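Hi,

Here is the structure I promised to pass on.

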Amino acid sequence: MKYLFNALASIIVMTTLSCNNADTPADKPATGDTASTKSYSLSEQPYGEIGNDKVIQYTLTNPSGMVVKILNYGGTVTNIMVPDRSGKMGDVVLGFDSLAGYLQTGNPYMGCLVGRYANRIANAKFSLDGKSYSLAANNDGNTLHGGLKGFDKVIWRSKANEGDSGITLAYSSKDGEEGYPGNLEVEVKYTLMPDNGLKIEYMATTDKATPINLTNHTYFNLSDGADTTILNHQLMLKSDLVTAVNTKLIPTGTFTEVKGGPMDFTSPKTIGQDIAKVPGGYDHNWVLRRAGVDAELIGSLYHPGNGRFVEVFTTEPGIQFYSGNFLAGNLNGKKGMKYVKHAGLCLETQHFPDSPNQPEFPNTILKPGEAYKQTTIYKFSTK
Ligand code: GLA
C-alpha cells in the first residue's frame with residue numbers, strides 16, 4: 001500500500017514537473033483553450049459577502065506556473081504572479097488584501113472591469129436616435145467609468161472555461177441602468193494562455209441601441225512591491241496621435257501629434273523622463289496605429305531592473321495610459337503598502353473617450369442584432 005502510494009506520488013510529482021518545464025512550441029496556437037486539461041488548474045475560495053451574494057476569488061494557474069486571481073465582484077483581477085528574469089515569481093498588479101479594500105469608498109477602480117462605458121462622457125449626456133439620455137455626473141460634471149454603480153461594482157455570474165484555462169463572467173445590465181438604454185447581456189472571458197498571456201475577451205448584445213466601451217482597469221507595477229512608483233518602467237505605444245483634451249480630460253475632437261514630445265512613446269521610453277512636462281501626469285487616449293481587425297501588438301511595458309516585460313495586444317482603436325496620478329498614499333494596499341502617486345499604471349484598451357458625442361470618432365453604438373466584441377491580451381515574459 002505504502003509502495004503504491006509512493007509510486008503514485010512520484011508519478012504525480014513527475015507530471016507536475018514535466019508540466020512546469022513544458023515549453024510552448026512556437027507553432028502552437030496561442031490560446032489556453034487547446035492546451036491539455038492537466039496543464040491548468042482552477043480553484044475557488046470564498047472572499048466574503050455583499051448582502052446575500054457570495055464573493056468568490058478564482059485562482060488560475062497555467063502550465064508554466066503563472067497565477068492569476070480574479071473576483072466575481074467587478075471581474076476584478078487581484079493578482080498576477082509572473083517570474084522575473086531570474087525566475088523569481090512576483091505579483092505585478094496593485095490591489096488590496098481583502099474584500100473590504102475593494103469595497104472602500106475611493107477604490108480607484110483597482111483591477112476591475114469597466115462599463116457600460118469606460119472613460120468619460122461629456123456633461124454626463126448623450127443623444128441617440130433623437131432621444132437624449134442623462135447619466136450620473138460622477139467626475140467634474142462628466143460621467144466616468146459607467147456611473148455610480150458601473151460594471152466594476154456588481155457581482156458577475158461565473159463559469160469555468162473548457163479545460164480550466166480560465167473563467168467566463170456574465171452580467172445582465174438592465175434597460176435604464178445608470179441611465180443607459182437597452183438590456184445588455186455582457187460576457188467577459190478571462191483565459192490564461194500557455195505562453196503567459198492573460199487574454200480578455202469581451203462580448204455583448206443589446207435589445208436597444210446603446211453606447212458601449214468595455215475595458216479592464218488593472219494597475220501594473222512590475223516590481224512586486226520593490227519600487228514605490230512606475231517612473232522607472234519603460235513604455236512603448238504604437239501611436240502617433242493622442243485625442244486632445246480640455247482640462248477635464250474631455251476630448252476636444254482634435255488630435256495632437258506626439259512626435260518628439262512628452263507623449264511620444266513610439267520607441268520605449270522611461271515613464272519618468274518627460275512626465276513633469278505633462279500637467280497632472282499621463283491620463284490620455286493614444287490613437288493606436290493598427291493594420292487589421294484582429295488583436296495586434298500595440299504596446300509594451302518593461303522593468304529594466306528585474307527584466308519583466310508585458311506586451312499588449314488589442315482589437316481596440318485606442319488606449320488610455322493612466323500613470324496613477326490620483327493615487328495619494330491614503331489607501332492601505334496589499335501587504336500594508338501605501339499606494340503613492342504613480343504607484344501603478346493602467347493600460348486601458350478602449351474606444352476613444354466621449355465617442356457618443358463625437359461623430360467623427362470610431363463608432364461605439366451597439367444595435368440590436370449586432371455583437372460587440374473586444375479582445376485584449378497582456379503577455380508576460382522577460383528580457
Ligand atoms: C481612468 C481615468 C483617470 C482616473 C482613473 C481612476 O484611468 O482616465 O482619470 O479617473 O481612471 O482613478
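Let me start with a lysine: the charged end of Lys 383 sits over the ring of Phe 309, 4.5 Å from the ring centre. The charged end of Lys 383 also sits over the ring of Tyr 302, this time 4.6 Å from the centre. Before you read on, keep in mind that this is a predicted model.

Now the aromatic pairs. Counting rings whose centres lie within 6.5 Å, I get 20 aromatic pairs. One of them is Phe 126 with Tyr 180, which is stacked, at 6.1 Å centre to centre and with 25 degrees between the planes. Phe 126 belongs to strand 8 (residues 125-128), while Tyr 180 is in the loop between strand 12 (166-173) and strand 13 (184-192), so this pair ties together parts that are 54 residues apart in sequence. Phe 126 counts as buried, with a relative accessibility of 2%. Tyr 180 counts as buried too, at 1% relative accessibility.

Then there is Phe 265 with Phe 321. Their planes are at 85 degrees and their ring centres 5.7 Å apart, so this pair is edge-to-face. Here, Phe 265 lies in the loop between strand 20 (251-257) and strand 21 (269-270), and Phe 321 is in strand 25 (residues 318-322), so the pair ties together parts that are 56 residues apart in sequence. Both Phe 265 and Phe 321 are buried. They also belong to one aromatic cluster, together with Tyr 282 and Trp 286.

On to the ligand. Which residues are around the ligand? They are Tyr 109, Arg 120, Leu 144, His 145, His 217, Tyr 219, Asp 283, Gln 320, Tyr 322, Phe 326 and Glu 348.

- Arg 120: a side-chain N or O atom is 2.5 Å from an oxygen atom of the ligand.
- Glu 348: a polar side-chain atom lies 2.7 Å from a ligand oxygen atom.
- His 145: a side-chain N or O atom is 2.8 Å from an oxygen atom of the ligand.

And how much of the ligand's accessible area does the protein cover? On its own the ligand has 300 Å² of accessible area, and the protein covers 94% of that.

That's my list for now.

Cheers

Notes: Residues numbered from 1 in each chain as written. Predicted model: local features only at pLDDT ≥ 70, side-chain atom pairs only at ≥ 80, totals over all residues. Heavy atoms only, no water. Phe/Tyr/Trp six-rings, centres within 6.5 Å; stacked < 30°, edge-to-face > 60°. Helix = DSSP H or I, 4+ residues; strand = E, 2+ residues; numbered from the N terminus. Buried < 20%, exposed > 50% of the residue type's maximum accessible area, 1.4 Å probe, protein only. Lys NZ or Arg CZ within 6 Å of the ring centre and 35° of its normal. Near = heavy atom within 4 Å. Polar contact = N/O pair within 3.5 Å; in protein donor to acceptor, adjacent residues only side chain to side chain. Areas by Shrake-Rupley, 256 points an atom, 1.4 Å probe, with all protein chains shown as cover.
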